Amino acid sequence: MSSETEPPASSQEAGGGHVDGPIREIGHDEYDPVGTLALIGLYFLILVALWFFMYFVEFIGNDPTVVGSILGGVMVA
Amino acid sequence: MTSNETPYLEQFPGEAKLVKAAFWSSFISLAIGALFGVIQVLHRTDVLRFIDSADYYTVLTIHGVLLVISFTIFFLVGLFTWAITTSLDRPLPSLRFSWGWYGMMVAGMLASAFSMFAGFIDSIDVSASVLFTFYAPLQAHPLYYIGLVTFVVGTWVAGFDWIRTWWGWKQDNPDERIPLPTFMVLTTMIMWYIATLGVAVALLAFILPWSLGLVDSINPTLTRTLFWFFGHPVVYFWLMPAYMMWYIMLPKVAGGKLFSDPLARVVFVLFLVLSVPTGIHHQYLDPGIAEGFKFIAMTNTMFLLLPSFLTAFTVVASMEHGARQRGGTGYLGWLKALPWRDPVFTGMALAGMMFAAAGFSGMINAGMNINYLVHNTFWVVGHFHLTVGTGVALTFMAVSYWFMPQLTGKRLWNRTVALVQVLLWFVGMTLMSNAMHRGGLLGIPRRTAEPQYDGFEFEAGVGSVAELDAQIVIGGILLGLSTALFLAVMIGTVLGPRDDSLPGNNYAETLSGPEDAPLVLDNLKLWTIIAIILVIFAYTLPLLSIISRGGLFGFETGGLPLSISLLGSTIAATFGELLPAAGSVTAPLETAATTLTGIVR
Ligand code: HEM
Ligand SMILES: [Cu+2]
């Protein structure tokens with residue numbers, strides 16, 4: 001199954017989802033998804049950055065919300 | 001699967017008609033829903049108000065129901081019918097039967113739609129302006145609930161239809177692995193059966209009798225909790241068909257193969273097991289549910305990140321495979337080798353990207369404490385227009401450019417317009433959803449016709465409310481345009497000429513196939529049982545405590561302490577019978593029952 005080739009491509013005007021035949025066939029063992037690693041790594045970094053940013057939105061941009069007042073309460077007590 | 005030269009229409013002409021009908025029901029809902037979305041945008045921002053603000057909830061109810069119930073689910077039933085027949089290479093057992101469930105769904109949706117639209121007309125004493133969440137004490141005409149129930153029962157029958165098609169196939173192919181698309185349909189439907197039990201009980205046992213006047217009151221916390229029992233997994237019901245397309249279509253149109261069939265199976269099993277016992281995360285701010293239960297729901301929710309990340313990895317790796325087969329190189333340079341001129345590819349890829357962005361706002365929503373910051377604000381609306389409103393909706397539109405020719409034998413009209421359409425949606429949604437998120441952080445509420453208040457201004461740290469409103473209006477209008485273009489392409493295709501050179505009805509092959517997947521993954525009985533056990537764990541105690549505090553039918557009618565002590569002792573007794581040896585287990589249960597009764601008294 002994994003070694004089968006793509007079906008022959010039909011005419012370009014066939015509309016969306018038209019598939020060109022591969023320039024080269026890459027099998028399971030020769031494929032190393034480094035680009036995926038790079039992209040997902042980037043996404044992860046963005047998530048972490050946004051997460052930090054959220055700290056400022058939550059605690060500095062606004063008055064304390066529920067969490068803030070509970071923490072404040074604990075500190076007073 | 002084998003590569004196949006015939007389009008779907010020639011393979012399964014009868015089924016193609018059914019799928020086409022389901023898609024058109026979906027598209028009509030999209031058209032009306034999107035129109036109402038634009039009306040909401042203009043009204044909220046006070047750019048153009050031509051409806052009475054008192055009718056805003058009617059508009060919003062129609063927008064919600066038509067888009068997230070009708071548009072998504074009609075598309076799903078069409079897609080799943082295609083997936084079952086294509087991957088099993090087998091027709092449905094009886095087309096008459098299948099048109100039966102489709103007819104039920106249409107009848108149900110028409111009944112609900114009638115009751116919603118009647119809200120605009122004062123002379124008809126019917127209305128259903130209760131939003132798609134129908135929280136008590138908002139009450140709709142019984143027809144609204146009856147319609148929804150009929151629609152859902154229609155999906156149950158559809159599920160049965162697909163399952164029996166698979167049974168038939170299994171008789172003939174006892175030793176074969178379940179083909180991946182069928183596996184996805186089956187796991188999704190099992191999840192759906194479990195999930196819809198919640199809403200069925202909420203509607204049939206409580207809300208419908210109450211709206212018919214058979215009982216005087218109900219317990220709103222109870223019906224809300226039953227709603228969200230269904231309300232979280234329903235988002236996976238929208239999402240799973242989109243995921244299916246990302247797993248089995250996107251790799252193909254990217255010119256590659258699915259990276260891993262076993263990983264895809266793991267993801268669908270995880271969704272089956274984990275999607276129901278998380279519903280309480282929509283109720284972080286509901287009084288009357290103990291924090292501990294909310295914490296458990298939060299924990300389960302965080303586990304759900306796992307299948308989402310697995311999906312991100314598998315789908316991106318499959319695209320990268322395609323790109324490298326097309327000659328792409330480098331760490332990020334391969335992205336250029338992807339077929340960005342193909343609307344099917346580009347629509348799905350942008351939808352996936354938007355969905356990934358929604359991962360961030362979803363993480364914020366999911367955190368119990370930080371949820372307080374955004375709950376019921378415009379942020380949430382921004383979030384789900386990225387998930388269901390783009391991740392799902394844009395994927396559906398994009399794949400329609402592949403499906404419509406397959407279903408009609410017609411040539412796609414017109415590839416360029418289609419490409420513009422998906423790009424417009426992306427741009428429009430970027431503007432609208434970004435501004436909604438930011439507006440939510442300022443505290444701008446959702447579900448509000450006129451979020452402008454005398455003597456009070458929302459303070460924007462960056463930019464201004466006027467700037468946010470402008471983004472929302474421009475975004476909303478672009479989205480409206482994009483929807484119109486989509487419909488134009490669909491209509492143009494159907495009316496256009498036949499195409500004799502259509503590609504065959506194929507989906508992606510795999511790099512690592514089912515032969516690499518552990519057999520236990522296909523043990524659907526096992527996963528169903530685990531899913532049910534998790535649901536029981538997550539919901540028994542919260543439901544008991546909600547009933548004990550508020551009564552099954554609220555305080556007026558219930559004879560409350562009685563119903564609780566009855567319930568408590570029934571449960572203790574049942575467990576006692578089930579586990580005669582485990583006296584040690586029943587004792588604490590009885591104590592729990594007494595405590596519950598105690599709290600009430
Ligand atoms: C033309 C594109 C769209 C526009 C302009 C639009 C606009 C809006 C706006 C402004 C709201 C918030 C109203 C409020 O809270 O006061 C809203 C709510 C909503 N939208 Fe959309 N939307 C669009 C497409 C979609 C799509 C494609 C979906 C789903 C598939 C969707 C699902 C929803 C849902 C579920 C709600 C919440 C309804 C409620 O609060 O009960 N929308 N939409
Ligand atoms: Cu949820």
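A polar contact is a pair of N or O atoms within 3.5 Å. In this predicted model, an oxygen atom of ligand 1 lies 2.6 Å from a polar backbone atom of Arg447(B), which falls within that cut-off of 3.5 Å.

Two further pairs involve side chains. An oxygen atom of ligand 1 is 2.8 Å from an N or O atom in the side chain of Arg44(B). A nitrogen atom of ligand 1 is placed 2.8 Å from an N or O atom in the side chain of His385(B).

The surroundings of ligand 1 comprise 29 residues, and the closest are Arg44(B), Tyr56(B), His63(B), His385(B) and Arg447(B). By class, 18 residues of this shell are nonpolar, eight are polar and three are charged. Five helices of chain B, namely H2 (13-44), H3 (56-88), H14 (378-408), H15 (415-441) and H16 (465-495), each provide at least two residues of the shell. H14(B) gives the largest share, with seven residues.

Ligand 1 contains an iron atom, which His63(B) and His385(B) coordinate through their NE2 atoms at 2.0 Å. Because His63(B) belongs to helix H3 of chain B and His385(B) to helix H14 of chain B, the pair ties together parts that are 322 residues apart in sequence. Both His63(B) and His385(B) are buried. For six octahedral donors the ideal angles are 90 or 180 degrees.

With a relative accessibility of 7%, His232(B) counts as buried, because the cut-off for buried is under 20%. His282(B), at a relative accessible area of 26%, is partly exposed.

Chain B as a whole has 20 helices and two strands. Its radius of gyration is 25 Å, close to the 25 Å that the globule rule gives for 601 residues, so chain B is as compact as a globular protein of that length. The C-alpha trace of chain B spans about 75 × 65 × 50 Å along its principal axes. Of the 601 residues in chain B, 61% are buried.

Some backbone geometry in the loops remains to be described. Most residues other than glycine have a negative phi, and most peptide bonds are trans. The loop between helix H4 (95-117) and helix H5 (142-172) of chain B contains Pro137(B), which a cis peptide bond with omega of about 10° joins to Ala136(B). Leu131(B) is found in the loop between H4 and H5 of chain B; its phi is near 65°, a positive value in a residue other than glycine. Leu131(B) counts as buried, at 2% relative accessibility.

Another cis peptide bond, with omega of about 10°, joins Trp413(B) and Asn414(B). Asn414(B) lies in the loop between H14 and H15 of chain B. A positive phi, near 60°, is found at Asn376(B), in the loop between helix H13 (371-374) and H14 of chain B. Asn376(B) is partly exposed, with a relative accessible area of 45%.

Note on methods: Residues are numbered from 1 along each chain as its sequence is written. Chains are lettered from A and ligands numbered from 1 in the order in which they are written. This is a predicted model: local features need pLDDT of at least 70, side-chain atom pairs count only at pLDDT 80 or more; totals for chains, interfaces and linings use all residues. Side-chain values use heavy atoms; hydrogens and water are left out. A residue is near a molecule or strand if one of its heavy atoms lies within 4 Å of it. A polar contact is a pair of N or O atoms within 3.5 Å; within protein, one must be able to donate a hydrogen and the other to accept it, and residues adjacent in sequence count only if both atoms are side-chain atoms. Helices (H or I, at least four residues) and strands (E, at least two) are DSSP runs, numbered from the N terminus. Ala, Val, Leu, Ile, Met, Phe, Trp, Tyr, Cys and Pro count as nonpolar, Asp, Glu, Lys and Arg as charged, and the others, Gly among them, as polar. Donors are N, O and S atoms within 2.8 Å of the metal (3.2 Å for Na, K and Ca); water is not among the atoms, so sites may look incomplete. Buried means under 20% relative accessible area, exposed over 50%, partly exposed in between (1.4 Å probe, protein chains only). The radius of gyration is taken over C-alpha atoms; the globule rule is 2.2 Å times the number of residues to the power 0.38.
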